[in-house]
Amino acid sequence: MAPNHPHRRRRRLAAIVGIAAIGATAMLAGCGNGPAAPDAMATASPSSTATSPDAASAVAAAFARLRAGTYESTTRATSSFDASGLDASLRDAAEAQFAAQPTDVDTTTRFESPERIAITQRLPSGQQEIVLYDGDVFVRRAGGPWARVTGEAAGAFAQATSLAGLDPTALYSAIRNDGPTQVDGRPATRYMGTIDPGRAGDLLADVLAGLGGAGSAISDAVALDGGTATILVDDATGTVARNEVVLEVSFDFGALARAAGADATGDLGSVRMSSTSTETVGDVGGAVVVTRPKATTTVSTISGLGEFLAG
């Protein structure tokens, strides 16, 4: 049996976390599959008492209208890292690694229906594709062969995509109408909100729990410190045209290292990440067709999924 090298464990973990990130990003951005909750205020957390009922209803309706039809979207996520909270023995190496490695992630989503969605994610480590088709899940890396995902691995996708269908206003507090604006020259209305760290953190933990022990370890290592959301609603169609989410996240470095299989003990400090994700929606109501991939293999375990995507 080939040795399980640390760098391979990190690549496998990164691939698995990338899958969870798709669901988590969709959850926070609100453009995932599934119907929106019919009453925005009914699902809002207790801290959302400052939310304007009219603004919350308008935002919930805009997401619901978007997901009731077809659309395509592009998302650019950019991140920056602050390693000053790390143990001194790790700080210089971590800062050099962050400076050398690109952190931008581009995602394209093609949404035919809640049951048929194609996602392409371009990560610094390469490209991976996911197709959800009538209850089945397919993945591939960088244009390679498709694998059908079953068993516990498919369960991780199911958890992520079910959470992606939540009403986004359940995650936001202090939603307000910020006045008129434009999107690509079209009249629009801007809505602003604050992300509820407790509610969003709980839902992110639920997504990661679908990944088994590694996901639980990552969940314990990640803390959402806060964030904001800016939603632009197209006045003509009443659908979301652009959605920007800004997050502040802390990572317990020792816990992450242990989740990756490293022999790390003690308090190694933390890394802070600032992330901005901007999703722009286009071709609303257009002829979006998602085809069922022809899989050449089947992956049924979380570790097998990570190995397949890591290449």
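Reader: How many helices and strands does the chain have?

Author: Helices (H or I, at least four residues) and strands (E, at least two) are DSSP runs, numbered from the N terminus. In this chain there are nine helices and twelve strands. This is a predicted model, in which local features need pLDDT of at least 70 and side-chain atom pairs count only at pLDDT 80 or more, while totals for chains, interfaces and linings use all residues. Residues are numbered from 1 along each chain as its sequence is written, and side-chain values use heavy atoms, with hydrogens and water left out.

Reader: What is the mean pLDDT of the chain?

Author: The term pLDDT stands for the predictor's confidence in each residue, from 0 to 100. Here the chain has a mean pLDDT of 76, and 70% of its residues reach 70 or more. Over residues 9-49, however, the pLDDT is below 50, although this stretch has 112 contacts in the model beyond near neighbours in sequence, a contact meaning heavy atoms within 4.5 Å. Where pLDDT is low, the predicted coordinates should not be read in detail.

Reader: In what order do the strands form the sheet?

Author: Strands of a sheet pair through backbone hydrogen bonds, either parallel or antiparallel, and two strands count as paired if DSSP finds at least two bridges between them. In this model, twelve strands form an open sheet with mixed pairing, in the order β7-β8-β9-β10-β11-β1-β2-β3-β4-β5-β6-β12. At the edges stand β7 (172-183) and β12 (295-299), each with a single partner strand, so one side of each is left without a neighbour in the sheet. From one strand to the next, the twist averages 20°. As an example of pairing, strand β3 (residues 116-123) and strand β4 (residues 126-133) pair in the antiparallel sense over eight bridges, and T120 stands opposite E129 in β4.

Reader: Which strands does helix α3 lie across?

Author: Angles run from 0 to 180 degrees between N-to-C directions, and axes are lines fitted to C-alpha atoms, for helices over the stretch in contact. Helix α3 (residues 53-67) lies across β1 (71-82), β2 (105-113), β7, β8 (186-195), β9 (222-234), β10 (240-252) and β11 (270-282), and runs at about 65° to β7.

Reader: Which residues of α3 are buried?

Author: Buried means under 20% relative accessible area, exposed over 50%, and partly exposed in between (1.4 Å probe, protein chains only). In α3, the buried residues are A55, A56, V59, A60, A62, F63, L66 and R67. Seen down the axis of α3, these buried residues fall within an arc of 155°, the arc being that of the directions from the helix axis to the C-beta atoms, so they line one face of the helix. On the other side of α3, P53 and D54 are exposed.

Reader: What is the phi of D134?

Author: Most residues other than glycine have a negative phi. D134 has a phi near 50°, a positive value in a residue other than glycine. A142, in the loop between β5 and β6 (146-149), has a phi near 50° and is exposed, with a relative accessible area of 55%.
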